[in-house]
Amino acid sequence: MEKGKLEGEYDVLRADAILFDKDGTLLDFTQMWGFWADTAIEMFRGLLAERGFVILQEDIPGIWGTQHDSTGRTSGYDKRGPLAMGTMDEMYAILVWHGYRAGLSWAESKMIVRDCLRHADDELERVRPARLLPGVQAFLDRCRLQGIPMAVVTADDTDSARLHLRWLGIEDYFNDVIGTDLAERGKPYPDLCLLACERLGVSPQRTIVIGDTDGDMEMARAAGAARKIGIGEPGVLKLADLTVPSFEWLLEGDFIYREGIDMNSKEQQGAESAQRLLATFQVITDTHVRDKAGHIHNRHFEQALQDISSYCEGSLGIMHAGDVTDRGLAGEYAEFRRIWNGRPANLPGLYVTLGNHDIGTVLWEEGGNPVDLSALPDFEVEDALDGHFPGSKQQTEQPLNAAQSLAEAAAEMGLDLAGMAERLGSSDATSGRARALWERRMRRFADGTGEAAPYHAHWIGGYHFIFLGSESPHPKDCDLSEAQLTWLQDRLAEKAAPNQPIFIFLHQPVRDTVAGSMSEQGWYGVNQDEALKKVLSGYPQAILFTGHTHWQLSAKRMMYDGQGAMPSMFNASSVAYLWTDRDEHLTGSEGLQVEIYADRVVVRGRDFVTRSWIAGAEYTVKFPVSVPQA
């Protein structure tokens with residue numbers, strides 16, 4: 001296809017509004033509705049089999065118009081079929097009919113099908129397999145920049161459609177969402193299109209409709225829409241004015257714009273450049289993976305990866321700010337590898353930071369007793385790291401999480417912190433015993449995560465990512481050697497520019513910056529705090545992400561504004577569990593989405609359990625950073 005023309009017919013498409021189909025146009029239809037269909041049909045066949053009735057595998061494609069791979073899973077669909085064009089009521093009626101044909105009574109088939117569809121809906125909510133199609137996010141950004149009103153018109157119910165758009169993080173792009181429940185007739189009738197135009201206050205004759213089925217095109221034709229754009233293979237959608245393989249083709253030229261906007265003006269080009277999303281990455285921390293697959297920490301980690309996969313298109317990576325496992329045990333690293341190896345295929349690479357739970361000298365037994373590795377002989381250290389603890393004292397309640405004071409817990413449980421400090425030696429991390437224990441813990445960390453260095457740096461997508469880590473097995477705090485601080489200074493200076501962000505990751509926050517690090521809260525934790533701040537002060541364009549505190553993202557001080565004198569800093573919350581400003585444990589799982597633009601970096605808080613953006617947790621760091629005048 002020649003750049004600048006679509007199928008040789010239209011150079012530019014002028015639009016007062018754009019209406020989008022949802023499934024198969026904005027999101028990957030097979031990924032989401034194939035999963036839903038497989039779940040419903042699998043349960044349906046099982047319930048039929050319990051009653052002595054059978055639906056053969058070769059009959060399944062004819063139920064809802066699906067195509068299947070060699071394993072029997074849905075791999076495609078008939079764009080003219082019920083799954084693509086039918087309403088939920090129609091899907092229900094079709095499956096009830098097949099139950100009746102298989103031998104059920106009509107009444108029993110209705111009850112069974114209702115249970116199957118409810119189960120499929122519940123699984124859809126749990127797994128949330130929604131994925132944006134290529135180019136969608138950038139195309140929506142382009143349209144929003146030009147001020148073009150947008151709406152979704154879908155055969156789905158309105159509430160369900162909004163939920164799916166929320167999962168994808170794009171609901172806010174649309175002025176309205178029109179589901180089939182809001183109109184007397186659904187697609188292919190014009191009612192949805194006409195209602196959307198009425199609500200947007202535009203004429204159908206100046207509206208573009210984008211969809212992936214004949215039903216979308218016929219709806220647009222019947223409503224008198226200005227243009228009908230098909231997403232798919234050329235020639236398949238007979239009623240489309242033009243068909244493109246993906247939204248990426250529409251982004252190759254300025255094909256769509258609103259009347260009165262000069263796309264060739266320098267001002268417009270500059271504005272568009274500033275609005276263009278250059279790169280993204282995600283930040284997670286404190287996964288605290290345990291050695292039991294069903295542990296809530298592990299389930300939260302799996303949910304987080306599933307959620308991130310729904311909005312990570314083009315991501316530079318997932319950056320983990322430390323405490324990968326809860327105790328650094330062999331079984332916990334095995335669980336971490338199981339979860340990561342079973343991740344969604346579209347996730348980017350993972351980069352990890354050392355946390356105190358990964359290399360600290362204190363472990364907690366299942367019953368809650370502390371084990372001081374620095375007091376054990378070498379063979380017992382290895383046994384403990386394999387999960388075989390030495391004879392323990394009477395079991396006591398384990399501290400709920402890292403946000404409880406270690407000193408307070410130690411006092412209650414008789415842990416010899418003074419003796420431990422003596423055995424660990426000075427904070428320069430050079431004492432023989434402490435160094436040997438740290439190296440032992442680091443080997444486990446390297447084997448478990450693939451990262452052998454306590455501190456490391458990477459250029460990814462043209463941006464500098466720097467990871468710092470403790471060089472002693474302190475149970476709570478971080479020790480940075482002079483060598484690491486010098487290394488950090490050198491890395492920060494590498495290709496540094498005031499308008500280019502540098503991204504730094506350290507498990508423990510510096511004192512009196514982000515949530516949980518205030519002096520009275522106690523969960524700062526860099527023993528070389530002033531020396532680190534001195535190095536960082538020379539690079540206010542840097543952004544530091546930390547974990548450790550578990551403070552929820554809706555708490556105060558999620559962001560520390562360096563005001564040009566220091567880097568901006570962000571608390572990245574926790575995947576495993578949360579902590580509040582009221583000093584209370586909270587069940588939940590959160591992380592950050594980082595979006596890089598030419599003139600700013602936007603950091604957004606994400607709730608991995610509800611799969612939604614956290615209200616009030618969005619911050620912007622502008623570039624170049626303004627440095628205060630002396």
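Me: Contact means heavy atoms within 4.5 Å. On that basis, what share of the contacts with a separation of 6 or more joins residues 24 or more positions apart in the protein chain?
Reply: This is a predicted model. In its protein chain, 70% of the contacts with a separation of 6 or more are between residues 24 or more positions apart. The chain has 20 helices and 26 strands.

Me: What makes the contact between helix 4 and helix 5?
Reply: Helix 4 brings Tyr92, Leu95, Val96, Trp97, Gly99 and Tyr100. Helix 5 answers with Trp106, Ser109, Lys110, Val113, Arg114 and Leu117. By class, that is eight nonpolar, two polar and two charged residues. Gly counts as polar here.

Me: How many residues are in the largest nonpolar core, and which have the most contacts inside it?
Reply: The largest core has 59 residues. Ile18, Phe20, Trp36, Trp64, Ile170, Phe174 and Ile210 have the most contacts inside it. Helix 1 (residues 29-50) gives the most to this core, with 10 residues. A second, separate core has 28 residues, including Phe503, Phe505, Ile596 and Val601.

Me: What percentage of the 630 residues in the protein chain is buried?
Reply: Buried means under 20% relative accessible area. Buried residues make up 57% of the chain's 630 residues.

Note on methods. Residues are numbered from 1 along each chain as its sequence is written. This is a predicted model: local features need pLDDT of at least 70, side-chain atom pairs count only at pLDDT 80 or more; totals for chains, interfaces and linings use all residues. Side-chain values use heavy atoms; hydrogens and water are left out. Helices (H or I, at least four residues) and strands (E, at least two) are DSSP runs, numbered from the N terminus. A nonpolar core is a set of buried Ala, Val, Leu, Ile, Met, Phe, Trp, Tyr and Cys residues joined through side-chain atoms within 4.5 Å. Buried means under 20% relative accessible area, exposed over 50%, partly exposed in between (1.4 Å probe, protein chains only).
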